[in-house]
Amino acid sequence: MPESLPPLTVDIDGTLTDDSRAVDPRVFPVLQSWPSAVVIATGKAMPYPVSLCEFLGIETRVIAENGGVVIPDRQRDVIFLADPETVESLARAYQERGHSLGWGSSDLVNRWRATELAVSRDSPLDPLVELADEYGLTVVDTGYAYHVHEASVDKGVALQRMASELDRNPGEFAFIGDSPNDVPGFEIAGTAVAVDNAPDSVKPNADYTTSKAYGGGFLEAVEWLSERHR
Ligand SMILES: O=C(O)COP(=O)(O)O
Ligand SMILES: [Mg+2]
């Protein structure tokens, strides 16, 4: 790999995974040998990306909960860019109206969330949007879940904070993703790549769209970045 490769920000679901959301093992050596910083930027709660870094043996650099949580490395404090209180009230109100968050009683999706709420796409969207409007929150459909969070946070805002924590310019970063929740990251990063499974609303926001989908698209994106930085 060329020494000059940019710091990389990469989404998990739909980008490092296959179509069943299992991580594509071909991405492991790429992430482990990337010569610059790697940031895992996801809508998932903190333990998921932290575990991914831990088990890969790479530095824990994480944007979780669609930007509500930023972890620049293992040594520093976890940074919270949003407050959980309004989201918690919304979650109670949604359930009081008779709707389920849709993840079963253990709710491993929200159990460790600090700043936002994720609701299954099998649960009704309209009352969620109605409540979000009432509480001044935003709903993002990633294609994997509905996420409700403060309008002031997204993966782009979090990338700005991550870059400043790492003494870098956000424009130095490349960002690879697949969903509407990645678009704010595409806008802040210097180079944005969408994988082919991204919806048509996402692709025009990227500098390049791969011809392969899912983890195969990530590998292609990395080759494309390597060519550009040769
Ligand atoms: O949890 C989701 O809905 C999406 O997660 P992702 O940001 O890693 O694709
Ligand atoms: Mg994704």
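Reader: Let's start with one residue. In which strand is the place of Phe175?

Author: Happy to! Phe175 sits in strand 9. Keep in mind that this is a predicted model.

Reader: How do I read burial for Phe175: is this residue buried or exposed?

Author: The idea is to count other C-beta atoms within 10 Å, and 20 or more make a residue buried. Phe175 has 33 of them, so this residue is buried.

Reader: Which residues does Phe175 touch, once those up to four places away in sequence are not counted?

Author: Phe175 touches Thr9, Asp182, Gly185, Phe186, Ala189 and Ala192. Take Phe186 as an example: this residue is eleven residues from Phe175 along the chain, and their C-alpha atoms are separated by 6.0 Å.

Reader: Now to annotations. Where does UniProt place the feature "binding site"?

Author: The unreviewed UniProt entry gives that feature at Asp11, Asp13, Asp178 and Asp182. These positions are spread over 172 residues of sequence, yet they cluster in space, with a largest C-alpha distance of 10.8 Å.

Reader: Let's look at two of those. Where is Asp11 found, and is this residue buried or exposed?

Author: Asp11 lies in the loop between strand 1 (8–10) and helix 1 (27–33). With 29 other C-beta atoms within 10 Å, Asp11 is buried. Beyond the residues up to four places away in sequence, Asp11 touches Ala41, Thr42, Ile176, Gly177, Asp178 and Asp182.

Reader: And what is the place of Asp178?

Author: Asp178 belongs to the loop between strand 9 (174–177) and helix 6 (183–188). Asp178 counts as buried because 31 other C-beta atoms lie within 10 Å. Leaving aside neighbours within four places in sequence, the contacts of Asp178 include Asp11, Gly14 and Thr15, along with Ala194 and Val195.

Reader: How do I read the surroundings of ligand 1, and which residues make them up?

Author: List the shell, then sort by class and by domain. Ligand 1 is surrounded by Asp11, Ile12, Asp13, Gly14, Thr42, Gly43, Lys44, Thr142, Tyr144, Ala145, Ser179 and Asn181. That shell has three nonpolar, six polar and three charged residues. At least three of its residues come from each of domain 1 (8–81 + 153–228) and domain 2 (85–150).

Reader: How many Å separate the centres of domain 1 and domain 2?

Author: Taken over C-alpha atoms, the centres are 23 Å apart. The contact between these domains takes 15 residues from domain 1 and 15 residues from domain 2. On the side of domain 1 that touches domain 2, there are seven nonpolar, six polar and two charged residues.

Reader: Finally, how many residues has the largest nonpolar core?

Author: That core has 48 residues, and Ile63, Ala158 and Leu159 have the most contacts inside it. Another core lies apart from it, with 15 residues, among them Tyr94, Leu117, Val119 and Leu128. Back in the largest core, Ala158 is in contact with Ala41, Ile63, Gly67, Val70, Leu81 and Val153, leaving aside neighbours within four places in sequence.

Key: Residues are numbered from 1 along each chain as its sequence is written. Chains are lettered from A and ligands numbered from 1 in the order in which they are written. This is a predicted model: local features need pLDDT of at least 70, side-chain atom pairs count only at pLDDT 80 or more; totals for chains, interfaces and linings use all residues. A residue is near a molecule or strand if its C-beta atom, placed from the backbone, lies within 6 Å of it. Ala, Val, Leu, Ile, Met, Phe, Trp, Tyr, Cys and Pro count as nonpolar, Asp, Glu, Lys and Arg as charged, and the others, Gly among them, as polar. Domain bounds come from an automatic or database domain assignment. A nonpolar core is a set of buried Ala, Val, Leu, Ile, Met, Phe, Trp, Tyr and Cys residues joined through C-beta atoms within 7 Å. A residue is buried if 20 or more other C-beta atoms lie within 10 Å of its own, exposed if 12 or fewer, and partly exposed in between; C-beta atoms are placed from the backbone. Two residues are in contact if their C-beta atoms, placed from the backbone, lie within 7 Å. UniProt positions are given in the numbering used here, feature names are shortened, and annotations may be inferred rather than shown by experiment. Helices (H or I, at least four residues) and strands (E, at least two) are DSSP runs, numbered from the N terminus.
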